[in-house]
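The stops below can be selected one after another.

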Amino acid sequence: MERKPIGNSAFAPPPVRTIGIGEKLPPPRRPPSNEGSESESGEEEETAKNGRLTDLLPDSSHSSRRPPLPGKPAFAHARVHVTAHSGVIAVAGSFVVVAHHHIKVFDLNRSESPLHNIDLKDAGFDWRGKDPRVTCMEFRPADVGAEADRGRFVWLGTKDGTIWELDAQTGGVTTLRFGAHSAPVTHLFRHSRSMASLDEHGKVLVFAPASEPDAGGCATMLAHGTPRVMRIADKQNFAKILGGLLWTSGGPGSAGAHTNGTASARGPVVRVCDVMAQTTTSGVKSLLPLENVGAVTSGAVLQSHPDKVYLGHEGGFITVWDLKTEDGTPACVEVVKVSASDVLCLEGVGDRLWAGGRKGMISAFDVEHRPWVVTNNWMAHSGLPVQKLFVDPYSIEKCGQLSVISVGRDETARFWDGLLGVDWIDNELLQREPSFSSFRPLNVLLVSWNVDAAKPDALTGCVENTNFLDSVLGSVDSPDIIAFGFQELIDLESRKMAAKTVLLGGKKKAADGSISEKVSRSYKMWHDRLILAVRLAMPPDCPYTVVHAENLVGLFTCIFIKSSERKGLNDVSITTVKRGIGGMYGNKGGIVARLVIDDSSICFINCHLAAGQHHVRARNADVAAVLEEKEVFPRSGCNGDYIAYVGGGDGSMVLDHEIVFLNGDLNYRIEQRRDAAISAISAGQFEHLLTHDQLLKEMRFNRGFRLRSFVEAPITFAPTYKYDRRSGEYDSSEKRRVPAWCDRILYRARDPARVASLHYRRYEANVSDHRPVSAGFRVTVKAVDAAARARARVDVERLWGEQQRVLLENTHLFFVAQEAV
């Protein structure tokens with residue numbers, strides 16, 4: 001009997017690429033842009049071998065998430081409404097002009113309310129359409145000697161092709177040019193003493209002041225000047241003057257996007273022309289990036305690299321173009337993957353490249369390093385896309401600051417300090433920290449064990465079992481903090497037990513932190529056994545107190561602290577992050593605890609990541625979810641500066657903490673055949689096996705891996721998984737799993753010198769299929785003299801004032817060289 005084909009045979013066959021003999025192979029297709037950084041480790045390893053790392057995600061492990069608010073309160077608190085999608089904005093110093101069907105003019109130095117409010121329908125103009133709307137705006141230049149006119153007069157392009165000029169001070173219309181374009185005006189540009197307009201049909205008008213001294217200069221070029229006309233391709237989604245040239249792009253599907261049959265593989269087409277040149281031809285040049293990237297969304301020039309142009313693309317790419325080529329034609333020299341989602345807007349600010357994304361975040365990149373480094377990454381627009389990002393060159397002379405403005409889908413325009421002065425002050429204070437702080441050491445002991453549902457009364461049968469808790473508690477001399485992190489306290493393969501624990505997930509604790517009777521008996525048995533073990537192992541005159549106890553479907557964390565240290569304890573908090581079944585249940589996830597001792601914050605993470613030999617991406621995603629969970633803790637209750645936290649954080653996120661410890665069954669495996677792994681273990685060749693360890697490979701090759709900034713002490717013990725229970729033999733079941741170092745303890749510190757490893761070892765308790773591990777650390781915590789720090793801050797702010805003046809002067813000179821003012 002003939003088998004019928006499955007599915008609809010009417011579908012066309014998949015597309016193919018035909019390559020002629022002798023033709024160059026096209027570049028490899030990139031993975032879809034919606035894949036996260038966790039999918040890039042294999043690609044990164046390959047590119048690392050080839051010495052090419054430019055397509056890897058920038059390092060964001062030490063970025064500051066504090067919003068860089070301007071020093072002037074009027075700008076820091078400003079929330080100017082801009083209509084989503086079709087609203088436009090122009091800024092010059094304290095003047096803000098917002099337009100759509102209405103035009104509103106604000107002077108932030110005077111009031112948050114608009115000075116002028118103009119309704120286009122009531123303006124008295126004879127509009128060609130029934131729905132007049134402003135589609136673009138830009139402040140025009142002023143003549144030499146007319147300093148009062150700088151940043152005062154704004155040109156507005158409209159949907160019906162009219163261009164008119166508005167006096168932002170008086171709110172009066174000074175010039176009106178009907179029918180300048182026959183189509184909607186999409187862009188207005190200021191360059192030197194000229195203005196250029198572009199409509200959606202590709203018509204460019206260049207307005208320049210007349211050369212005669214008595215012709216009126218810039219003030220009359222709209223009303224009486226004869227603009228020079230040029231033509232470019234129509235419907236350009238992106239257009240901006242960069243490096244003196246007009247850069248445009250219509251996206252991957254734009255007309256003329258096939259040059260020798262290669263554009264479809266490398267697009268989008270980027271067109272460049274010198275619209276300010278006094279020529280009769282446009283001289284448009286069509287360019288292609290090195291690789292296939294998404295449509296162009298934005299562009300920028302950096303003060304530190306004025307001979308480069310940076311273009312932002314959909315798909316999270318930035319292309320870098322060299323302006324200094326032999327034939328004068330810009331050439332793409334680099335393609336950098338900066339995000340897992342689209343780069344929606346881009347702006348060069350000093351030596352930082354600012355980019356806005358779909359989730360409301362603005363990132364600032366230091367492009368000097370390879371890979372690029374994310375120095376700042378903050379929430380700007382409440383989780384909604386950042387639609388526009390631009391710098392105001394007039395803000396230097398008019399406000400004494402460098403203003404960067406962002407507009408989001410939340411219909412709000414925000415102002416930011418382009419010099420990132422808060423970061424400069426914080427970094428300088430960090431360098432001076434020893435002058436206003438005292439330091440003392442603490443001993444910290446961490447224990448991690450996947451107990452495979454074993455009860456504490458199972459610790460019998462051999463000395464390794466009976467002495468396990470005594471041995472581990474004696475591994476660090478007089479520990480000040482003891483953190484136990486267990487996994488699989490219940491049998492996760494038992495559906496009845498797992499369901500019961502999930503349903504009881506809303507348990508409550510008593511006031512003293514002890515576990516409620518509602519919680520599964522397994523947790524309480526281990527809780528009580530650990531309390532007894534600590535009491536017996538430690539001197540009677542040195543009692544310990546449980547400050548944290550929490551469980552999450554198999555995970556169990558119990559943290560002890562010396563009772564004598566409780567007086568310096570603050571901001572104690574503990575919570576859970578669920579990762580099982582789409583984040584709804586906690587069969588995988590983490591327990592996250594934090595405490596502040598003196599003025600140093602410490603975070604403890606006990607986690608259980610996705611299992612499976614080949615599920616590296618799932619494990620990476622679990623790690624990212626735990627480390628990047630928003631508002632995982634309540635915000636710190638301290639007033640003023642968050643001196644216990646780092647990276648501009650307030651203590652609500654994991655990486656806000658000065659020191660972070662992470663332990664658990666991370667489930668990263670060894671990529672070797674079982675027989676080869678067993679032979680290497682028998683021969684004590686751990687270093688050879690570690691080169692195949694998935695965790696170490698991710699930390700080495702995957703630039704987007706969230707544990708890349710963490711440190712692990714050298715591993716000198718055999719893999720801890722998977723054993724036959726009550727045996728020293730690795731898995732002899734039918735699955736015969738490859739041994740692995742699943743059980744790990746890592747740490748991260750703002751100052752690595754303040755965490756010293758004392759030991760990292762395993763134990764031979766054999767009641768589980770995992771061996772327990774422990775790590776000892778000597779941690780340095782600080783106590784800040786508030787008065788001394790306040791005096792240091794005053795001096796630092798004085799130094800910043802001097803530094804700011806120099807930076808503003810240099811930035812102004814850059815804008816003059818770029819003919820932006």
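Select strand β18, residues 296-302: 6 of its 7 residues are buried, so the strand is largely enclosed by the rest of the structure. Buried here means under 20% relative accessible area, exposed means over 50%, and partly exposed lies in between (1.4 Å probe, protein chains only). Helices (H or I, at least four residues) and strands (E, at least two) are DSSP runs, numbered from the N terminus. This is a predicted model, in which local features need pLDDT of at least 70 and side-chain atom pairs count only at pLDDT 80 or more, while totals for chains, interfaces and linings use all residues. Residues are numbered from 1 along each chain as its sequence is written, and side-chain values use heavy atoms, with hydrogens and water left out.

Two strands pair if DSSP finds at least two bridges between them. The two strands form a hairpin, with 2 residues between them. Which residue of β19 is the bridge partner of Gly 299? It is Leu 311.

Keep Leu 311 selected and colour the largest nonpolar core, which has 64 residues. A nonpolar core is a set of buried Ala, Val, Leu, Ile, Met, Phe, Trp, Tyr and Cys residues joined through side-chain atoms within 4.5 Å. Leu 311 is among the residues that touch the most other members, together with Ile 103, Met 137, Phe 139, Leu 156, Trp 247 and Trp 354. Helix α15, residues 786-817, gives this core its largest share, 7 residues. Another core, of 44 residues, lies apart from it and includes Leu 446, Cys 742, Ile 745 and Ala 749.

Next, show the open sheet of 6 strands with the order β31-β32-β30-β29-β39-β38 and mixed pairing. Its edge strands, each pairing on one side only, are β31 (544-552) and β38 (755-762). Neighbouring strands are turned by 15° against each other on average, direction ignored. Axes are lines fitted to C-alpha atoms, for helices over the stretch in contact, and angles run from 0 to 180 degrees between N-to-C directions.

Within this sheet, select β30 (residues 481-487) and β32 (residues 555-562), which pair in the antiparallel sense over 6 bridges. Ile 482 stands opposite Phe 560 in β32.

Stay on β30 and pick Gln 487, which lies in that strand. Is Gln 487 buried or exposed? Gln 487 counts as buried because its relative accessibility is 0%. Its side chain is joined to that of Ser 448 by a polar contact of 3.5 Å. A polar contact is a pair of N or O atoms within 3.5 Å; within protein, one must be able to donate a hydrogen and the other to accept it, and residues adjacent in sequence count only if both atoms are side-chain atoms. A polar atom of the Gln 487 side chain also lies 3.5 Å from the backbone nitrogen of Asp 665.

Not counting residues up to four places away in sequence, Met 525 touches Lys 455, Pro 456 and Asp 457, where contact means heavy atoms within 4.5 Å. Met 525 and Pro 456 are 69 residues apart in sequence, yet 6.9 Å apart in space, C-alpha to C-alpha.

Finally, zoom out to the protein chain, with its 15 helices and 39 strands. Of its 821 residues, 55% count as buried.
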